Amino acid sequence: MKYILHFLVKYTNKYNLTINEKIYSLEILAEAENENATIEIKGNNQLKEGNNTITITVTAEDGITKREYSINTFISSLTVKVKEENKLPALIAMGIGALIALILLIHIIKNKK
């Protein structure tokens, strides 16, 4: 499954993401407004179940000015398993109940004659 996320980086620098499947990294396409800026992504390798923080650092052309963005990623690979019930005891009980009802019906019919 592929997730496409759009961030409004001019207004927010922290994001939260929850994923309910086991993944090890996100495909992040980060583009700076200035083509001479550099982008560094840390923490996106070997994501684990639970909380992960991915940091994206954009360094301006001057090499000094920096802006940092973080994606707090929670990964839960838990799957809900539905317990399958054994229906055999219920079927046996229903069969015994039907048999008793039939025996009682036969007994009532014989007593009316």
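A salt bridge is counted here when a side-chain nitrogen of Lys or Arg lies within 4 Å of a carboxyl oxygen of Asp or Glu. By that rule, the structure holds one salt bridge. Its partners are Glu-40 and Lys-42, whose side chains meet at 3.8 Å, N to O. Side chains of opposite charge can pair when their charged atoms come close. With a relative accessible area of 40%, Glu-40 is partly exposed (buried means under 20% relative accessible area, exposed over 50%, and partly exposed in between, with a 1.4 Å probe and protein chains only).

A word on the source: this is a predicted model, in which local features need pLDDT of at least 70 and side-chain atom pairs count only at pLDDT 80 or more, while totals for chains, interfaces and linings use all residues. Residues are numbered from 1 along each chain as its sequence is written, and side-chain values use heavy atoms, with hydrogens and water left out.

Now for the sheet. Four strands line up in the order β1-β4-β3-β2 to give an open sheet with mixed pairing. At the edges sit β1 (14-19) and β2 (38-42), each of which pairs on one side only. On average, neighbouring strands of this sheet are turned by 20 degrees against each other, direction ignored. Some terms need spelling out: strands (E, at least two residues) and helices (H or I, at least four) are DSSP runs numbered from the N terminus, and two strands pair if DSSP finds at least two bridges between them. Axes are lines fitted to C-alpha atoms, for helices over the stretch in contact, and angles run from 0 to 180 degrees between N-to-C directions.

Strands of a sheet pair through backbone hydrogen bonds, either parallel or antiparallel. Here, β3 (residues 50-59) and β4 (residues 66-75) run antiparallel and are joined by 10 bridges. Thr-59 stands opposite Lys-66 in β4, and Thr-55 faces Ser-70 in β4. Six residues lie between the strands of this hairpin, and Gly-63 has a positive phi near 80 degrees there.

Beyond four places in sequence, Asn-52 is in contact (heavy atoms within 4.5 Å) with Leu-47, Ile-71, Asn-72, Thr-73 and Ile-75. Thr-57, also placed in β3, is buried with a relative accessible area of 15%. Leaving out residues up to four places away, Thr-57 touches Thr-38, Ile-39, Glu-40, Lys-66, Arg-67 and Glu-68.

Gln-46, in the loop between β2 and β3, counts as exposed at 71% relative accessibility. Its phi is near 55 degrees, a positive value in a residue other than glycine. Most residues other than glycine have a negative phi.
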